[in-house]
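Biologist: I'd like to learn how to read a model like this one. Can we go through it together?

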Amino acid sequence: MKGSPRSLWLSAANRAAGWWMGTATAMMRRQQRAALAEMTRAATGGGKAGGKPKRAVRPRRRRAGK
């Protein structure tokens, strides 16, 4: 077995800490993005009250055989 038990333990602890930090950072970024989107929507009058108008849908042409 290579390495001392302390070194193996520190490697495992560092890997676990890295995973936790990555998860926490990703969660924080998702919350920030959601808050920014909500503030932008409120400031620009977006959402149900206004925003981008829906595109007009053209009726489909029927086939000659049907």
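Biologist: Are Trp 19 and Trp 20 buried or exposed?

Modeller: Both Trp 19 and Trp 20 are exposed; by relative accessible area with a 1.4 Å probe and protein chains only, buried means under 20%, exposed over 50%, and partly exposed in between. Keep in mind that this is a predicted model, where local features need pLDDT of at least 70, side-chain atom pairs count only at pLDDT 80 or more, and totals for chains, interfaces and linings use all residues. Residues are numbered from 1 along each chain as its sequence is written, and side-chain values use heavy atoms, leaving out hydrogens and water.

Biologist: What share of the 66 residues is buried?

Modeller: Buried residues make up 0% of them.

Biologist: How many helices and strands are there?

Modeller: One helix and zero strands, taken as DSSP runs numbered from the N terminus (helices H or I, at least four residues; strands E, at least two).
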